[in-house]
Amino acid sequence: MQNQRIDSIELLEISKISDPDGRGNLSVIEKGTLPYEVKRVYYLYDVPSDATRGGHAHLELQQCLIALSGSFDVLLDDGKNRTKVHLNKPNRGLIIPSGIWRELENFSSGAVCLALVSDVYKEEDYIRDYKDFVFYKTK
Ligand code: T46
């Protein structure tokens, strides 16, 4: 959506079930955890520390990003305001609504970014040019 602002971005604390016998942790995302139905899952890995992923906005797609392993920064921009979120916990999700520019950078060694998203892949849903994005937000 065109009028989404930075303050509509949510940090989700995902339940963590710690095993009483020391077998580690288990986190669950199920129907109702996210504000949309998950239609696709993809993940980023082996990302060099000097690489940037993203660099676009979506017209309709909603996403939840999780640092399953390691850490990275997510720069978020609504055309007027910017913020940066550091993701470094497998039980924390960053929910990005549509209409928000994002850039992922500063990947640690071994970082894995899991994305749970609201639709199948559609290139026509992307705004990949920042000037086009700013124009879209001011329309
Ligand atoms: C996002 C950030 C966090 C597909 O064929 N299917 C897919 O589901 C995806 C996500 C990508 N692709 C193809 C399209 C390109 O040829 O994989 C190639 C790389 O995609 P892209 O340049 O969009 O990758 P990122 O990491 O810059 O962006 C991705 C997502 O596209 C995007 O929605 O928010 O991760």
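The following is a conversation about a predicted model of a protein chain.

Visitor: What should I know about the model before reading any values?
Guide: This is a predicted model, in which local features need pLDDT of at least 70 and side-chain atom pairs count only at pLDDT 80 or more, while totals for chains, interfaces and linings use all residues. Residues are numbered from 1 along each chain as its sequence is written, and side-chain values use heavy atoms, with hydrogens and water left out.

Visitor: How many helices and strands does the protein chain have?
Guide: The protein chain has 1 helix and 12 strands, taken from DSSP runs (helices are H or I, at least four residues; strands are E, at least two) and numbered from the N terminus. In sequence order, the pattern is β-β-β-β-β-β-β-β-β-β-β-β-α.

Visitor: And which contacts in the protein chain join residues at least 24 apart?
Guide: Of the contacts between residues at least 6 apart in sequence, 78% do so; contact means heavy atoms within 4.5 Å.

Visitor: What percentage of the residues is buried?
Guide: Of the 139 residues, 42% count as buried. Buried means under 20% relative accessible area, exposed over 50%, and partly exposed in between (1.4 Å probe, protein chains only).

Visitor: Which residues touch the most other members of the largest nonpolar core?
Guide: They are F72, V74 and L76, in a core of 21 residues. β6 (63-69), β7 (72-77), β8 (82-87), β9 (92-96) and β11 (112-117) each supply at least two residues of this core. A nonpolar core is a set of buried Ala, Val, Leu, Ile, Met, Phe, Trp, Tyr and Cys residues joined through side-chain atoms within 4.5 Å.

Visitor: What does V74 touch?
Guide: Not counting residues up to four places away in sequence, V74 has contacts that include L65, V85, L87, L94, I96 and L104. Another core, of 9 residues, lies apart from the largest one, and I14, Y36, C64 and I95 are among its members.

Visitor: Turning to the loops, is S71 buried or exposed?
Guide: S71 counts as buried because its relative accessibility is 14%. S71 is located in the loop between β6 and β7, and its contacts beyond four places in sequence include H86, N106 and F107.

Visitor: What is phi of N106?
Guide: Phi of N106 is near 60°, a positive value in a residue other than glycine. N106 is in the loop between β10 (101-105) and β11 and is partly exposed, with a relative accessible area of 45%.

Visitor: Where is D46?
Guide: D46 is in the loop between β4 (40-45) and β5 (53-58). D46 is not a glycine, yet has a positive phi of about 55°, and at 69% relative accessibility D46 counts as exposed.
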